[in-house]
Amino acid sequence: MTPSISPSRAADFKQCPLLYRFRSIDRLDEAPSPAAARGTLVHAVLEELFDLPAAERTPEAAVGLLPGRWQALVDDRPELAQMILDDAALTEESWFAEAAKLVERWFTLEDPSRLEPSRREVKVEVEVDGLTLRGIIDRVDVAPTGEVRIVDYKTGRSPSERFEGKALFQMKFYGLVHWRTTGRVPDLLQLVYLRDGQVIRYVPDEADLLALERNVRAVWQAIEQATATGDFRPNPSRLCSWCDFKALCPAFGGTPPPLPPSRATEETTDAARP
């Protein structure tokens, strides 16, 4: 089996090797979070909206898609409905109202009646020197003159300048996959932040993408080393406040479960759940 990695799993390891292990090797369950579930819902609506004729892609139409898309998600994962019931700060009305705000804000940033995406929610992968890079791109636009734009929606706030490079890691990763697959460097990478209505645009070049490729290769080598030694160390940070695995983390007095020896290599070679 060819080893593989996605930008989210690479980011996990860079953030905290133990987090990577819990998610990609142990495959421990994580409780559904309102923020993540809302993001999934909004992404689904923005994808489905482009099935409508251009003139019908209105804010009202998009908001109208929310209940149906949410029901489809709940049918697939019933625990999502229970998540709302268990959260004292949430009601079904407030849930949809917050999702509607994000959807409506998107219309202030882009005009879907003028867009005809080449691809949406597309799974991409390419093998580079024995390592498969894979992930899911929200949207790929191709202009009549051939320019390529890769777009990703984010339902959170835009990062400060200090963390902008971290945010662009995923987009450069997708730019690298596109380049290695098609031979063309994308003309623009675009992150659309719906919480605060900001758009980050970045024009990559081959040097950027080669540097990213070296970075990903180094991350993978570090993953292989950690797998061989069983040494996935925690890296405490303020992000620990939102981690579902604190009770198992040595940094907080916990004890990780035994590393499954028969699964270690197998799971890390397919650590590509975006």
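Colleague: Which residues have the most contacts inside the largest nonpolar core?

Modeller: In soluble globular proteins, nonpolar side chains tend to be buried together. A nonpolar core is a set of buried Ala, Val, Leu, Ile, Met, Phe, Trp, Tyr and Cys residues joined through side-chain atoms within 4.5 Å. Buried means under 20% relative accessible area, exposed over 50%, and partly exposed in between (1.4 Å probe, protein chains only). Here the largest core holds 43 residues, and Ile 5, Leu 133 and Val 216 have the most contacts inside it. Elements giving two or more residues to this core include helix H1 (7-15), helix H2 (17-25), strand S2 (119-128), strand S3 (131-142), strand S4 (148-154) and helix H7 (161-182). H7 gives the most to this core, nine residues. Another core, of 30 residues, lies apart from it, and Leu 46, Val 74, Ala 100 and Phe 107 are among its members.

This is a predicted model, in which local features need pLDDT of at least 70 and side-chain atom pairs count only at pLDDT 80 or more, while totals for chains, interfaces and linings use all residues. Residues are numbered from 1 along each chain as its sequence is written, and side-chain values use heavy atoms, with hydrogens and water left out.

Colleague: How are the elements named, and how many residues of H2 are buried?

Modeller: Helices (H or I, at least four residues) and strands (E, at least two) are DSSP runs, numbered from the N terminus. In H2, eight of the nine residues are buried, so the rest of the structure largely encloses this helix. Among the buried ones are Leu 18, Tyr 20, Arg 21 and Phe 22. Arg 27 follows H2 and has a positive phi, near 55°.

Colleague: Which strands does S3 pair with?

Modeller: Two strands pair if DSSP finds at least two bridges between them. Strand S1 (residues 4-5) runs parallel to S3, with two bridges, and Ser 4 stands opposite Thr 132. S2 and S3 are antiparallel and joined by nine bridges; Arg 120 stands opposite Arg 139 there. S3 and S4 are also antiparallel, over four bridges, with Val 142 opposite Val 148.

Colleague: Where does phi turn positive in the two hairpins?

Modeller: The hairpin of S2 and S3 has two residues between the strands, and Asp 129 takes a positive phi near 50°. Five residues lie between S3 and S4, where Gly 146 has a positive phi near 100°.

Colleague: Is S3 enclosed or open, and is Asp 141 buried or exposed?

Modeller: Nine of the 12 residues of S3 are buried, so this strand is largely enclosed by the rest of the structure. Asp 141 is in S3 and counts as buried, at 7% relative accessibility. A polar contact is a pair of N or O atoms within 3.5 Å; within protein, one must be able to donate a hydrogen and the other to accept it, and residues adjacent in sequence count only if both atoms are side-chain atoms. The side chains of Asp 141 and Arg 139 make one of 2.8 Å.

Colleague: Which residues line the largest cavity?

Modeller: On a 1 Å grid over the protein atoms alone, a cavity is a set of points where a 1.4 Å probe fits but cannot get out, and lining residues have an atom within 4 Å of a point. Grid points are joined across faces, edges and corners, and a volume is the space filled by probe spheres set on the points. The count is one cavity of 30 Å³ or more, and the largest has about 40 Å³ of space. Its lining includes Leu 46, Phe 50, Arg 120, Arg 139 and Tyr 153.

Technical notes: On a 1 Å grid over the protein atoms alone, a cavity is a set of points where a 1.4 Å probe fits but cannot get out, and a pocket is an open set with protein on both sides within 12 Å along at least five of seven lines; lining residues have an atom within 4 Å of a point.
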